[in-house]
Amino acid sequence: WAKLSLTPSRCSGVGLALCQRLLEEDGRIHLCIACRNEQKSEATRDLLLTTYPAAQVSTVEVDLGNLASVLRAARELRCRFQRLDFVYLNAGIMPNPHVNFKALWHGLLTGKVLHMLTTAEGIMTQTDRLNGDGLQEVFATNLFGHFMLVRQLQSLLCGNEKPSRLIWTSSSNARESAFSLSDYQHARGQESYSSSKYATDLTSVVLNRKFNGQGLYSSVVCPGLVMSNMTYRILPVFLWKLLMPIMWLIRFFAKTYTLTPYNGAEAHMWLFKQKPEYLDSLVKYHSCTSGLGRCYVEPRKMDVDEDTAEKFYQKLLELEEQSLEKYRDLLD
């Protein structure tokens with residue numbers, strides 16, 4: 001099997017844990033790590049080969065927030081592979097996160113604090129900016145770069161003997177209230193991460209409608225609250241050290257506090273073993289961990305409007321056409 005795993009820019013966290021678990025599950029796969037930093041992706045490859053010396057592990061350099069990089073990576077992958085069985089779309093950023101402690105205190109007084117702590121609703125904001133392509137950075141990295149990559153790899157994903165799978169890393173923070181069709185890049189708000197993850201859910205729904213007949217299936221997962229490089233940037237390190245005992249305690253009440261990258265990759269791995277024809281395209285698969293550390297997967301119906309999803313998909317196609325006009329020299 002040819003398998004492409006898109007890991008976060010630091011090739012760490014859930015992405016690294018997923019690579020380790022995939023090789024642990026099936027040593028026959030060809031695992032290709034896509035990472036924006038070539039040195040770190042090679043270091044990850046060497047680390048994996050130390051544990052699994054017989055594994056087939058390769059790398060490709062790609063920055064999901066840079067369209068030229070996405071097109072170059074897609075061209076390289078089309079040259080190297082005849083098909084792709086799984087594509088894990090896992091790269092993501094949350095720049096300049098801010099915690100609203102006043103809202104958190106209000107949630108504590110009103111009994112909503114557990115919901116807020118498990119979804120970050122009302123307590124987490126970000127400051128976004130434009131990238132070199134003139135796109136909002138979070139939208140470009142968390143969604144549009146992935147979308148462009150999938151579109152460029154369509155010839156490797158559709159019409160194969162066996163179904164091909166897209167597995168997107170979404171979030172419990174994906175909320176309709178943070179997303180707007182008129183501002184789908186979220187240029188005017190402060191919840192760009194939530195908006196991009198809701199956009200991910202919408203995109204997956206439409207991809208299934210359009211490509212299931214060609215053997216391509218799309219699913220979305222939520223890794224839960226994982227202590228990763230992204231999470232550690234939300235608060236100062238000393239605060240995390242103080243909070244960690246409390247977070248382990250909260251896990252007895254909040255099953256989505258997976259905490260470790262290994263636990264966070266549970267839903268990714270569960271989907272690896274499933275027949276896609278029997279999965280519900282309107283369900284998000286959540287990695288969960290019991291208070292005593294047992295990992296399991298919980299399917300939850302997504303709060304998505306299919307008409308909105310279709311309209312958003314058309315906007316993505318329009319943006320794709322505009323973007324490709326700038327980079328015709330990178331197309332075959």
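Trainee: Does His268 count as buried or exposed, and why?

Mentor: Bear in mind that this is a predicted model. His268 has a relative accessibility of 0%, so it counts as buried, the cut-off for that class being under 20%.

Trainee: Where does His268 lie, then?

Mentor: His268 is part of helix α12, which covers residues 266-272.

Trainee: And which residues is His268 in contact with, leaving aside its neighbours within four places in sequence?

Mentor: With those neighbours set aside, His268 touches Val14, Leu18, Tyr88, Asn90, Ile167, Thr169, Val221 and Pro223.

Trainee: What about His146, is that one buried or exposed?

Mentor: His146 counts as buried, because its relative accessibility is 0%, and its place is in helix α6, residues 137-152.

Trainee: Which backbone atoms does the side chain of His146 reach?

Mentor: The backbone nitrogen of Ala91 lies 3.4 Å from the side chain of His146, and a polar atom of that side chain is 3.2 Å from the backbone oxygen of Thr141.

Trainee: Switching to rings, how many aromatic pairs are there?

Mentor: The count comes to 10 aromatic pairs, taking ring centres within 6.5 Å as the rule. In one of them, Phe147 and Tyr313, the ring centres are 5.8 Å apart and the planes stand at 85°, so the pair is edge-to-face.

Trainee: Where in the chain do Phe147 and Tyr313 come from?

Mentor: Phe147 belongs to helix α6 and Tyr313 to helix α13 (residues 306-326), so that the pair links distant parts of the chain, 166 residues apart. Both Phe147 and Tyr313 are buried. Tyr184 and Phe312 also make an edge-to-face pair, with 5.8 Å centre to centre and 65° between the planes.

Trainee: Which parts does the pair of Tyr184 and Phe312 tie together?

Mentor: Tyr184 sits in the loop between β7 (164-169) and α8 (192-211), while Phe312 is in helix α13, so this pair ties together parts 128 residues apart in sequence. Tyr184 and Phe312 are both buried.

Technical notes: Residues numbered from 1 in each chain as written. Predicted model: local features only at pLDDT ≥ 70, side-chain atom pairs only at ≥ 80, totals over all residues. Heavy atoms only, no water. Helix = DSSP H or I, 4+ residues; strand = E, 2+ residues; numbered from the N terminus. Buried < 20%, exposed > 50% of the residue type's maximum accessible area, 1.4 Å probe, protein only. Contact = heavy atoms within 4.5 Å. Polar contact = N/O pair within 3.5 Å; in protein donor to acceptor, adjacent residues only side chain to side chain. Phe/Tyr/Trp six-rings, centres within 6.5 Å; stacked < 30°, edge-to-face > 60°.
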